[in-house]
Amino acid sequence: MSQPAPRSRPRTRIAIFGAGSVGGYLGGRLAAFADVTLVGRPALADALRDGLTVSGAGRPPTVVAPERLTVATTPDAVAGADFVLVTVKSAATAEAGRELAGRLSPAALVVSLQNGVHNPAVLRAALPAHTVLAGMVPFNVVRTEPAVFHQGTSGALMIDANPRALPLVDVLVEAGVPIQVREDMPEVQHAKLLMNLNNAINALSGLPLRDQLGRRDYRACLALCQGEALAAFRAEGIRPAKLGPASAARTRRLLSLPDPLFRRLASSTLRVDAQARSSMWEDLERGRPTEIDSVQGEVLAIARRNGLTAPANARLIELIREAEAAPPGESRHWSGTDLLAELTRAVAAA
């Protein structure tokens with residue numbers, strides 16, 4: 001399926017800075033409705049020389065011809081953009097802020113679409129003359145081929161409520177990308193952090209998300225991590241937003257249900273297709289550093305600030321560090337039984 005011809009109207013200019021899986025996917029969805037520039041590594045420019053394809057989300061694959069978007073490798077490409085969507089890994093946020101400083105147009109609005117809870121503040125410190133909004137991407141995107149970006153799970157983007165963001169919201173709606181404007185983004189970010197605690201578990205399992213979440217032992221690992229996170233949140237005075245039909249605490253309890261019942265309940269609220277994988281799995285497969293410090297590491301930091309421990313999350317950090325040190329694609333794949341036993345021992349030892 002080819003993209004429809006763009007409508008005759010003034011084109012919103014959108015730069016996606018640090019384009020990888022999520023950035024490539026959003027760029028592909030928006031390309032028919034806005035002037036899109038993807039700023040990424042030279043390998044991205046090479047891979048997208050003949051265009052890209054986006055798939056998933058219950059829609060036929062969409063082919064984006066190369067002339068429909070600009071692919072660049074230097075920060076100068078953001079000049080003139082109305083909106084800059086930052087999708088770099090959390091560890092690269094400070095550097096991204098330095099690279100964007102002095103290159104943005106005066107009226108440019110910056111949106112952080114990253115994992116972690118501190119990235120908008122880091123960008124605001126680097127870009128004091130610009131408005132920086134927090135955003136949240138709930139769905140999983142996996143790069144199934146060098147130029148193919150597949151959305152494997154469902155959900156709506158979320159963004160800080162700000163009148164200046166309305167043209168961006170309009171373009172997303174026109175492109176068919178679900179979007180919610182929120183007044184509670186800090187709470188949303190902490191709710192997403194709870195979800196992202198599964199990233200490490202999925203990466204260590206080596207399984208697609210649907211298979212991994214369908215097995216009770218892996219879900220028990222996630223429940224341990226979320227229990228520690230919720231205790232730390234309570235001590236810090238953090239109340240994560242309710243992003244679905246169930247609260248964070250009730251969602252954690254649902255993880256202990258027998259597999260058939262869990263799958264039946266989960267399928268009514270979250271679509272996960274057979275290709276979905278966590279971004280952390282993809283990082284390990286490609287030999288890249290993971291975002292473990294912004295996920296399990298954040299839980300550990302909050303717990304320690306409040307005199308608590310988070311041994312299951314701490315042990316997962318160690319296991320991911322070991323996997324990062326292994327050759328790409330050769331880290332150990334843990335069964336649910338073995339991983340649960342490992343985390344249970346860590347909890348008992350603490």
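The exercises below work through a predicted model of a two-domain protein.

**Exercise 1. Strand S6 and its neighbours**

Task: Determine in which sense S6 pairs with S1 and how many bridges join S6 to S7.

Solution: 
1. Strands in a sheet are held in pairs by backbone hydrogen bonds, in a parallel or an antiparallel sense.
2. Strand S1 (residues 12–17) pairs with strand S6 (residues 83–86) in the parallel sense, over 4 bridges. Phe-17 has Val-86 as its bridge partner in S6.
3. S6 and S7 also run parallel, joined by 4 bridges. Here Val-84 stands opposite Val-110 of S7.
4. In a regular strand, side chains alternate between the two sheet faces.
5. In S7, Leu-109 and Val-111 are on one side, with Val-110 and Ser-112 on the other. These four residues are all buried, and both faces of S7 are covered.

**Exercise 2. A hairpin and a positive phi**

Task: Describe the pairing of S9 with S10, then locate Ala-57 and give its phi.

Solution: 
1. Strand S9 (residues 141–145) and strand S10 (residues 148–151) are antiparallel, paired over 4 bridges.
2. The two strands form a hairpin with 2 residues between them. Val-141 faces Gln-151 of S10.
3. Ala-57 sits in the loop between strand S3 (52–56) and strand S4 (59–64).
4. Most residues other than glycine have a negative phi.
5. Ala-57 counts as partly exposed because its relative accessibility is 32%, which falls between the 20% and 50% limits.

**Exercise 3. The domain interface**

Task: Characterise the contact between domain 1 and domain 2 by area, residues and salt bridges.

Solution: 
1. Domain 1 covers 13–182 and domain 2 covers 186–349. Their C-alpha centres lie 25 Å apart.
2. The size of an interface is often expressed as the accessible area lost when the parts come together.
3. The two domains bury about 2,200 Å² between them, and 48% of it is on carbon and sulfur atoms.
4. On the domain 1 side, Lys-89, Asn-115 and Val-117 lose the most area to domain 2; together they make up 25% of what that side buries.
5. By contacts, 24 residues of domain 1 meet 28 residues of domain 2.
6. The count of salt bridges between the domains is 1. Asp-283 and Lys-89 form a salt bridge through their side chains, at 3.0 Å from N to O.

**Exercise 4. Burial in helices**

Task: Classify Asn-196 and Glu-95 as buried, partly exposed or exposed, and find what the buried residues of H13 pack against.

Solution: 
1. Asn-196 belongs to helix H6 (residues 185–196). Its relative accessible area is 6%, under the 20% limit, so Asn-196 is buried.
2. Leaving out residues up to four places away in sequence, Asn-196 touches Asn-115 and Val-295.
3. Glu-95 is in helix H3 (residues 93–100). At a relative accessible area of 42%, Glu-95 is partly exposed.
4. Glu-95 and Leu-123 are 28 residues apart in sequence, with their C-alpha atoms 9.3 Å apart in space.
5. Helix H13 (residues 296–305) is largely enclosed by the rest of the structure, because 7 of its 10 residues are buried. Among them are Val-299, Leu-300 and Ile-302.
6. The buried residues of H13 pack against H6, helix H7 (198–205), helix H9 (216–236) and helix H14 (311–325).
7. Just after H13 comes Gly-307, with a positive phi of about 70 degrees.

Note on methods: Residues are numbered from 1 along each chain as its sequence is written. This is a predicted model: local features need pLDDT of at least 70, side-chain atom pairs count only at pLDDT 80 or more; totals for chains, interfaces and linings use all residues. Side-chain values use heavy atoms; hydrogens and water are left out. Buried means under 20% relative accessible area, exposed over 50%, partly exposed in between (1.4 Å probe, protein chains only). Contact means heavy atoms within 4.5 Å. Two strands pair if DSSP finds at least two bridges between them. Domain bounds come from an automatic or database domain assignment. Buried area is the accessible area (1.4 Å probe) that two parts lose on being put together, summed over both. A salt bridge is a side-chain nitrogen of Lys or Arg within 4 Å of a carboxyl oxygen of Asp or Glu.
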